[in-house]
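Please examine the sequence and the structure shown here.

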Amino acid sequence: MKETTHLSFEVFPPKKDSDFSSVYEVVTELAKLSPEYISVTYGAGGSQSKKTTQIASYIQNELNVPAVAHMTCVGSTKSGIAKLCEELKAEGVSNILALRGDRPKDMTDEQYNLREFTYSTDLIAELKKMGDFHIMAACYPEKHFEAFSKEADLKHMKEKQDLGAEHFITQLFFDNDFFYDFRERADKKGITAPIHAGIMPITSAKQIGTSISLSGSSVPKMLSDIIAKYADKPEDMFKAGIDYAIRQIRDLEDNGVYGVHIYTMNKPAIASEIVKAI
Ligand code: FAD
């Protein structure tokens with residue numbers, strides 16, 4: 001990997017409290033790869049926010065790697081966000097990825113219509129009042145699925161920057177051309193905050209269905225051919241999926257990407273294979 005490329009990883013908290021130690025092992029392995037930061041996702045609707053804080057604190061304080069705590073606001077109140085900010089401050093975690101999140105399945109229409117935060121822009125504005133946080137936000141090379149147009153989506157991205165987002169992480173994508181086109185349009189729009197390209201190595205045939213339904217990202221023919229070829233050969237699929245991600249990252253580096261953010265799926269072997277190869 002080029003020394004100038006800013007490398008970072010994403011992990012998610014354990015489903016069960018008893019599984020914390022395995023996530024600690026994951027982040028300990030990832031820390032050995034010297035990332036710029038490790039980000040920790042936030043359960044839909046904020047139900048698991050304590051787990052995000054706990055893992056972010058471990059990364060920051062035990063591993064001495066900057067942690068980024070994801071935070072969604074769709075199911076939150078202003079007082080809930082204030083409390084969470086206090087908890088993060090107490091743990092010395094000052095980086096927040098400010099997100100709207102998706103409507104939780106158990107949220108009624110009334111709760112949704114009366115919610116205190118409508119968009120991530122509302123959360124960013126609120127966080128700016130809460131103290132000295134370094135705020136990051138999400139962006140979408142292929143457009144967010146709700147956005148009316150790419151232009152409208154970009155306009156809201158610019159608003160996020162104007163309100164205080166200092167870095168962006170992209171939704172995962174498999175076709176770099178979407179990223180290059182997006183970066184050019186973002187540049188013209190006056191977006192100067194660095195953009196980290198989100199890369200998810202597809203290492204099993206099953207994973208692709210989940211990834212697409214969550215992200216809406218397009219799958220190029222080359223990747224769908226790989227999946228068709230190796231669907232029944234897990235070891236070959238793992239290797240081919242890593243190779244595809246490596247090719248993607250090499251191409252991004254050749255085209256001057258600022259940073260690469262690897263969605264590790266809590267599998268340090270994936271990240272270390274990529275870092276070794278690059
Ligand atoms: P927003 O920025 O609010 O955008 C949502 C839509 O509204 C877009 O179409 C946008 O164009 C539009 N919009 C934005 N601002 C305005 C405005 N002021 N006025 C009108 N329209 C506006 N989900 C989780 O639950 N937990 C996680 O940890 C998590 N991590 C993620 C990390 C990354 C890097 C990414 C890319 C996504 C992540 N998500 C996570 C998923 C995310 O919550 C969803 O993609 C969600 O649908 C949108 O979140 P957002 O912050 O981009 O929303």
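The questions and answers below concern a predicted model.

Q: How many helices and how many strands does the secondary structure of the chain come to?
A: The chain of this predicted model has both types of element. Its secondary structure comes to 11 helices and eight strands.

Q: What is the radius of gyration of the chain, and what does the globule rule give for 278 residues?
A: The C-alpha trace spans about 50 × 45 × 40 Å along its principal axes. For 278 residues the globule rule gives 19 Å, and the value for the chain is close to that, so the chain is as compact as a globular protein of that length. The radius of gyration itself is 18 Å.

Q: What percentage of the residues of the chain count as buried?
A: A residue counts as buried when its relative accessible area is under 20%. The chain exposes about 13400 Å², of which carbon and sulfur atoms supply 52%. Of the 278 residues, the share that counts as buried is 51%.

Q: Among contacts between residues at least 6 apart in sequence, what percentage join residues at least 24 apart?
A: The contacts considered are those in the chain between residues at least 6 apart in sequence. The share of these that join residues at least 24 apart is 80%.

Q: Which residues are the closest to the ligand?
A: The ligand is surrounded by 27 residues. By class, this shell has 11 nonpolar, 10 polar and six charged residues. The closest are Asp102, Ser120, Tyr140, Asp153 and Lys160.

Q: Which element gives the most to the shell around the ligand?
A: Two or more residues of the shell come from each of strand E3 (67–72), strand E4 (95–99), helix H5 (120–130), helix H6 (150–163) and strand E6 (167–170). The element that gives the most, with four residues, is H6.

Q: Is Ser76 buried or exposed?
A: Ser76 lies in the loop between E3 and helix H3 (78–90). Its side chain reaches the backbone oxygen of Thr72 at 3.4 Å. Leaving out residues up to four places away in sequence, Ser76 touches Tyr42, Ile81, Glu116 and Phe117. The relative accessibility of Ser76 is 11%, under the 20% limit, so Ser76 is buried.

Q: What separates the C-alpha atoms of Thr118 and Val74?
A: Thr118 is found in the loop between helix H4 (109–113) and H5. With a relative accessible area of 30%, Thr118 is partly exposed. Thr118 and Val74 are 44 residues apart along the chain, and their C-alpha atoms are separated by 6.6 Å.

Q: What is the phi of Asn64?
A: Most residues other than glycine have a negative phi. Asn64 lies in the loop between helix H2 (49–62) and E3, and it counts as exposed at 64% relative accessibility. Although Asn64 is not a glycine, its phi is positive, at about 55 degrees.

Q: Where does Met265 lie?
A: Phi of Met265 is near 55 degrees, a positive value in a residue other than glycine. Met265 is partly exposed, with a relative accessible area of 30%. Its place is the loop between strand E8 (259–263) and helix H11 (268–277).

Q: Which residues is Lys2 in contact with, leaving aside its neighbours within four places in sequence?
A: Lys2 lies in the segment before strand E1 (6–11) and counts as partly exposed at 40% relative accessibility. The C-alpha atoms of Lys2 and Glu110, 108 residues apart along the chain, are separated by 50 Å. Beyond its sequence neighbours within four places, Lys2 is in contact with Glu253 and Asp254.

Q: Which residues does His144 touch, not counting those up to four places away in sequence?
A: His144 is placed in the loop between strand E5 (134–139) and H6. At 13% relative accessibility, His144 counts as buried. Residues up to four places away in sequence aside, His144 touches Arg100 and Asp153.

Note on methods
Residues numbered from 1 in each chain as written. Predicted model: local features only at pLDDT ≥ 70, side-chain atom pairs only at ≥ 80, totals over all residues. Heavy atoms only, no water. Near = heavy atom within 4 Å. Nonpolar A, V, L, I, M, F, W, Y, C, P; charged D, E, K, R; others polar. Buried < 20%, exposed > 50% of the residue type's maximum accessible area, 1.4 Å probe, protein only. Polar contact = N/O pair within 3.5 Å; in protein donor to acceptor, adjacent residues only side chain to side chain. Contact = heavy atoms within 4.5 Å. Rg over C-alpha atoms; globule rule 2.2 N^0.38 Å. Areas by Shrake-Rupley, 256 points an atom, 1.4 Å probe, with all protein chains shown as cover.
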